[in-house]
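Please look over the chain below before reading on. The briefing then goes through its strands, surface, aromatic rings and backbone.

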Amino acid sequence: PPLGVDAERELLHGFRPGRLLGPTAAALALEYHWPVWTYLDGILQTGVGNTFGERFEGLAPERLRLSFAGGIRTPNHRDHRFNLLAGFGTETFASGAEVTSVRFLIGGTPGF
């Protein structure tokens, strides 16, 4: 699959899988989680990134997008975990970084 699909699934939770497609991708995310209960963790995540042309053609700070996500999920089950998350993704910084993507996830997923 294109690198963009992997980048948004692992790092940019505010975008649906398949939303950002391109031959190359750059992304950076920070994630914080804390115990809420024995079987639940709270999670906050923010990221920045986008997909680009071959060999990162067009890579520039103003072409990056923001992603935010938060909610709860089961801890210590990376392969199959229960999630209750909300995520938001923006346009590029050059276009004003307005929220254009909203994603809700209820249920289990592999590696969200």
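Predicted model: local features only at pLDDT ≥ 70, side-chain atom pairs only at ≥ 80, totals over all residues.

Residues are numbered from 1 along each chain as its sequence is written, and side-chain values use heavy atoms, with hydrogens and water left out. Helices (H or I, at least four residues) and strands (E, at least two) are DSSP runs, numbered from the N terminus.

**Overall make-up**

- The order of elements from the N terminus is α-β-β-β-β-β.
- Of the 112 residues, 39% count as buried. Buried means under 20% relative accessible area, exposed means over 50%, and partly exposed lies in between (1.4 Å probe, protein chains only).
- The chain has an accessible surface of about 6500 Å², and 62% of that belongs to carbon and sulfur atoms. Accessible areas come from the Shrake-Rupley method with a 1.4 Å probe; for residues, only the protein chains shown count as cover.
- Among contacts in the chain with a separation of 6 or more, 48% come from residues 24 or more positions apart. Contact means heavy atoms within 4.5 Å.

**Strand pairing around β2**

- Strand β2 spans residues 40–52 and is mostly covered, with 10 of its 13 residues buried.
- Strand β1 (residues 24–37) pairs with β2 in the antiparallel sense over 13 bridges. Two strands pair if DSSP finds at least two bridges between them.
- A hairpin of two residues joins β1 to β2.
- Thr24 has Phe52 in β2 as its bridge partner.
- β2 also pairs with strand β3 (residues 65–73), again in the antiparallel sense, over nine bridges.
- Ile72 in β3 stands opposite Gly42.

- Ala29 lies in strand β1. Its relative accessible area is 23%, so Ala29 is partly exposed.
- Leaving out residues up to four places away in sequence, Ala29 touches Leu11, Gln45, Thr46 and Gly47.
- Ala29 and Ser67 are 38 residues apart in sequence, and their C-alpha atoms are 8.6 Å apart.
- Leu12 sits in the loop between α1 (3–10) and β1. Leu12 counts as buried because its relative accessibility is 1%.
- Leu12 and Asn50 are 38 residues apart along the chain, with 8.9 Å between their C-alpha atoms.

**Nonpolar surface patch**

- Tyr32, Trp34, Val36, Trp37, Tyr39 and Leu44 form a nonpolar patch on the surface, with about 710 Å² of accessible area together.
- Patches are made of residues with over 30% relative accessible area and no salt bridge; like charges are joined within 9 Å, nonpolar side chains (Val, Leu, Ile, Met, Phe, Trp, Tyr) within 5 Å. A salt bridge is a side-chain nitrogen of Lys or Arg within 4 Å of a carboxyl oxygen of Asp or Glu.
- Strand β1 gives the largest share of the patch, four residues.
- Trp37 is in strand β1.

**Aromatic pairs**

- A search of the whole structure finds two aromatic pairs. Rings of Phe, Tyr and Trp (its six-membered ring) pair if their centres lie within 6.5 Å; planes under 30 degrees apart count as stacked, over 60 as edge-to-face and the rest as tilted.
- Tyr32 and Trp34 form a stacked pair, 5.6 Å centre to centre with 25 degrees between the planes.
- Tyr32 counts as exposed at 52% relative accessibility. Trp34 counts as partly exposed at 30%.
- Trp37 and Tyr39 form an edge-to-face pair, because their ring centres are 5.5 Å apart and their planes are at 75 degrees.
- Trp37 is exposed, with a relative accessible area of 54%. Tyr39 is exposed at 55% relative accessibility.

- Phe56 is a residue other than glycine, yet its phi is positive, near 60 degrees. Phe56 is found in the loop between β2 and β3. Phe56 is partly exposed, with a relative accessible area of 37%.
- Ala97 is not a glycine either, and has a positive phi of about 55 degrees. Ala97 lies in the loop between β4 (81–92) and β5 (99–109). With a relative accessible area of 22%, Ala97 is partly exposed.
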